[in-house]
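Please have the view open while I go along.

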Amino acid sequence: QVQLVESGGGWVQPGDSLRLSCAASGRAFSTYTMGWFRQAPGKEREFVAAISRSGRITDYADSVKGRFTISRDNAKNTVYLQMNSLRPEDTAVYYCAADTVVRLTYGSGYESQSKWTYWGQGTQVTVSS
């Protein structure tokens with residue numbers, strides 16, 4: 001089992017950057033595929049990005065591709081989400097997710113929140129002028 005705690009959210013203006021962090025505790029961090037999801041008011045939780053256990057494979061939602069970067073430091077038990085060129089439509093609560101079974105392979109369904117077992121409490125990101 002793993003516990004996840006997100007941090008780094010806040011209020012920024014359009015075009016600004018933020019870096020979210022997700023600190024994990026518990027079972028060996030390197031055995032978990034890690035992901036970020038977000039949920040805007042009145043909308044379903046949606047996939048943002050994911051990273052393989054080794055960090056060699058990443059994937060992104062089309063809406064954030066080229067602007068967001070997911071990374072991990074297995075020595076620090078932490079996954080990051082660097083968010084650049086933020087837009088008002090990026091406003092949401094951002095959640096960190098972890099799972100030992102999920103793999104970033106075609107057809108595995110990792111974009112679905114139902115595939116992920118462990119979740120953090122979320123951190124609010126607001127992009128507004």
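Let me begin with a convention: a charge sits over a ring if NZ of Lys or CZ of Arg is within 6 Å of the ring centre and within 35 degrees of the ring normal. This is a predicted model, in which local features need pLDDT of at least 70 and side-chain atom pairs count only at pLDDT 80 or more, while totals for chains, interfaces and linings use all residues. Residues are numbered from 1 along each chain as its sequence is written, and side-chain values use heavy atoms, with hydrogens and water left out.

By that convention, the charged end of Arg45 is placed over the ring of Trp119, 4.8 Å from its centre, and Arg45 also lies over the face of Tyr95, at 3.7 Å from the ring centre.

Turning to ring pairs, rings of Phe, Tyr and Trp (its six-membered ring) pair if their centres lie within 6.5 Å, and planes under 30 degrees apart count as stacked, over 60 as edge-to-face and the rest as tilted. The structure holds five such aromatic pairs. In one of them, the centres of Tyr32 and Tyr118 are 5.9 Å apart and the planes are at 80°, so this pair is edge-to-face. Tyr32 is buried (under 20% relative accessible area, where exposed is over 50% and partly exposed in between, with a 1.4 Å probe and protein chains only), at a value of 1%, whereas Tyr118, at 23%, counts as partly exposed.

Phe37 and Phe47 also pair edge-to-face, with 5.7 Å from centre to centre and 75° between the planes, and both are buried. Finally, ring pairs link Phe37 and Phe47 with Tyr110, Trp116 and Trp119 into a cluster.
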